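Open the model in your viewer and keep the selection panel at hand. The stops below go one by one.

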Amino acid sequence: MMRFLKSGLGVSAAAAVLAFGAGEAFAQAKEVVFGFQCDRTGPTATVGTVLCPGYQDYIALINSKGGVEGYKIKVLEVDNEYKVPPAIEAHERFKKEGAVLEGLYGTPQTAALNKKLEEDKILGTSPGFGTASAADGKRYPYTFPIAASYWSQAGAAMAFVKEKLGDLKGKKIAYIFYDNPAGKEPLPILEDLAKSEGFELRTFAVPAPGVEMGAQVLDITGRYKPDFVVAHLFGRAPSVSIKELKGKGYPLSKVVAFVWGSAEADIIAAGGMALAEGYNTIQFAGVGKDFPVLKEIAAMYKAQGKEPPKEMDSTVYYNRGVLNAAVHVEALRNAIKAKGGAMPTSEDVKKGMESIKGVTLGGLMPPLEITPTDHEGGGWCQIWTVKGGKLVMVKDWFQGFRPVITKQIAADASKS
Amino acid sequence: MFHRESGVFKTTYTADMALYPLPIAKWTVAVLALIFVVILPLSVHEYYLAILNLIFIAIVGALGLNILVGYTGQISIGHGAFMSVGAYTAANLAVRLGLPFWLTLPAGGLMAALIGVVVGMPSLRIKGLYLAIATLAGQLIIEWTINHVPAISGGAQASIEVPRPDLFGFVLNTQGRLYYFLLFFAVLAIVATLNLIRSRIGRAFIAVRDQDIAAEIIGINIYRYKLLAFAISSFYAGVCGVLYTYYFGIANYEQFQLIVSIDYLAMIIIGGLGSVLGSILGAIFVTLLPIVLRILLENVGSLIFSAGELANIISGTRLAVFGGLIIFFLIVEPEGLNRLWRNIRSYFRVWPFSY
């Protein structure tokens with residue numbers, strides 16, 4: 001028994017020594033740690049396997065060019081498999097390794113970490129995840145959506161529809177959505193707009209896992225016959241919706257999809273780009289390979305004697321990973337500059353994040369302006385449409401019905 | 001647990017049923033208590049306490065499920081939903097009525113027990129795979145209800161933020177403080193289960209599991225005990241859900257979906273059905289192994305691969321190794337880690353004179 005006691009002590013002592021030792025080693029090197037959560041193996045692996053390499057590649061590119069103001073970045077990536085307990089463990093690990101910021105992955109994971117981030121004073125970014133009300137920097141000081149929330153996407157979708165139809169008055173709009181909190185989130189915005197713009201809104205819920213929506217699509221195309229369809233689906237559901245709508249003869253040019261139904265992979269899985277001619281997608285990062293930063297990444301691989309990774313071909317998700325990394329890097333750059341080159345703390349990086357402005361990466365990024373009150377950075381979107389076998393930009397960075405969204409954020413904050 | 005038992009002979013049933021099978025066990029427990037209450041929290045980094053916290057919560061849930069599946073022989077794949085029932089009950093009470101955790105926690109458990117009894121009703125008429133499907137229906141109905149009833153879920157986001165628990169004005173907001181909070185409930189759950197199993201109720205559960213017709217013939221009201229098993233098991237699940245809620249600071253039904261039910265079933269099957277130690281080992285195995293594997297792979301892999309490649313390799317490899325290890329352990333010992341531990345112990349009991 002004494003032996004057991006001793007070994008227990010020994011193990012804990014050794015663990016403690018290791019833990020402290022590791023902490024000191026990081027403090028000495030001119031190296032900054034970023035935590036990054038990812039899902040390469042869980043239910044959203046189709047996104048993660050492309051998005052996360054985008055993040056890693058951009059950081060590798062920055063490091064290959066000498067880092068940020070002389071600091072190299074070390075990324076600690078943890079695959080949370082879209083489960084909540086591993087996300088908590090990941091956050092604690094990042095904290096232990098002294099991460100100055102972290103990238104979150106997944107809506108329930110973001111929800112579970114909001115409070116921890118605030119207590120531990122480490123900022124987390126959640127582009128495309130989490131609640132829209134997290135844009136309110138006063139309410140969630142350490143959560144940064146940094147990309148258009150579902151509310152902003154709903155505003156953008158309706159602004160685009162309005163442009164297409166000329167006027168929304170008396171028009172019929174169908175909203176087909178995945179029946180979970182994220183799917184229902186845009187409803188307040190759509191209902192508000194239906195009232196103010198005078199269109200008729202009908203909702204069609206698709207139950208999880210979203211691979212069966214024959215009834216809903218038949219209802220839309222056969223009975224309701226809307227002037228436009230707004231789709232907010234995830235996973236396999238977007239490709240099913242494209243196939244079903246096309247199969248029932250509904251013109252895809254009258255469909256606009258939210259950001260998680262907008263990847264090349266979704267369209268290809270539905271039967272290919274040729275079939276989906278006219279399909280409209282909302283994007284919060286630029287699409288395609290025609291950006292200098294992507295060429296630099298490809299060149300970096302070539303210089304190492306390797307082929308650029310095949311993930312780069314799936315530009316929608318890959319570019320979102322690049323965007324996420326670029327925002328992290330800019331926040332760090334601002335923090336280091338503000339400290340005159342000294343090692344920034346997580347608080348400094350938060351201030352750096354809140355002063356991001358005018359970074360565009362040659363058009364890959366929207367004109368983000370993150371402030372202490374607006375953590376969403378403006379809620380910018382682009383619309384890309386399938387034309388002639390590829391996604392073509394039809395509407396450059398814009399904010400749809402911004403006053404309605406800010407009003408909703410304020411209303412939500414006063415409710416709690 | 002960690003001792004030889006030569007020279008201990010039991011002459012009465014009372015002695016055989018005692019909570020401490022050996023006199024020396026009291027010392028083992030005292031030492032374990034010393035390690036977990038004093039030495040570990042003072043000596044290790046908060047990160048390791050965070051992992052232990054997750055394990056503690058998992059232990060509560062796994063114990064509950066094991067009472068139902070392992071001891072009573074009824075299957076449930078609705079335990080994730082029972083957790084969400086506990087979570088939302090506690091969250092609503094804590095936010096709307098401002099109740100403290102020592103009221104919301106039992107309330108969450110009781111509400112889950114109530115729902116558990118309703119979902120467990122089919123067990124009176126069906127068993128095995130049929131019951132699995134009936135409880136699966138329970139899981140989906142509860143998920144749907146929470147998603148669509150704003151009165152329960154608190155709005156379209158279906159998530160309710162709860163304040164950190166506080167005890168006499170002492171807010172439990174760090175991993176170290178939450179460690180004691182969760183350790184207390186994990187120990188409570190372990191002791192309660194150990195006592196439950198050696199009581200009349202526990203013996204009735206085991207009789208129902210082994211042969212329900214025979215149990216009925218010897219005078220056990222199997223309807224009552226099956227529902228009781230569902231109630232107790234769901235109570236644990238509800239408490240587990242409340243603990244998650246306080247630990248995360250939010251109740252969100254997406255944290256308790258079908259996959260969670262499956263994860264908990266995996267824990268008790270790997271750990272050992274019908275065993276308290278098995279539930280604990282299973283909870284540790286399923287929570288800890290992915291973390292350990294990742295750290296191992298990171299350290300080994302960083303010698304060969306670049307950071308970007310490594311991240312991709314780790315994710316896949318970890319999953320494959322994790323699955324492989326589950327298969328390996330179940331082939332080596334189909335009755336789980338608990339049996340494996342007992343085999344090792346009985347080997348050393350007579351070592352080095354095995355004949």
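Select A:Phe34. Its contacts (heavy atoms within 4.5 Å) beyond four places in sequence are A:Tyr55, A:Ile59, A:Ile73, A:Lys74, A:Val75, A:Leu76, A:Ala99, A:Val100, A:Leu101, A:His328, A:Val329 and A:Leu332.

This is a predicted model: local features need pLDDT of at least 70, side-chain atom pairs need 80 or more, and totals for chains, interfaces and linings use all residues. Residues count from 1 along each chain as written, chains are lettered from A and ligands numbered from 1 in written order, and side-chain values use heavy atoms, without hydrogens or water.

Now widen the view to the largest nonpolar core, with 232 residues. Such a core joins buried Ala, Val, Leu, Ile, Met, Phe, Trp, Tyr and Cys through side-chain atoms within 4.5 Å; buried means under 20% relative accessible area (1.4 Å probe, protein chains only). A:Phe34, A:Tyr58, A:Met158 and B:Tyr264 have the most contacts inside it. Helix 3 of chain B, residues 46-71, gives the most to this core: 19 residues. Helices here are DSSP runs of H or I, at least four residues, and strands are E runs of at least two, numbered from the N terminus.

Next, select residues 307-332 of chain B. This is helix 14, with 26 residues. Among its buried residues are B:Leu310, B:Arg318 and B:Phe322. The buried residues pack against helix 2 and strand 2 of chain A, and against helix 12 and helix 13 of chain B.

Last, go to strands 11 (381-387) and 12 (390-398) of chain A. They pair antiparallel over six bridges; pairing takes at least two DSSP bridges. A:Thr385 stands opposite A:Val392. Two residues separate the strands in this hairpin, and A:Gly388 in the turn has a positive phi of about 55 degrees.

How values were computed
Buried < 20%, exposed > 50% of the residue type's maximum accessible area, 1.4 Å probe, protein only. Expected span 1.5 Å × (residues − 1).
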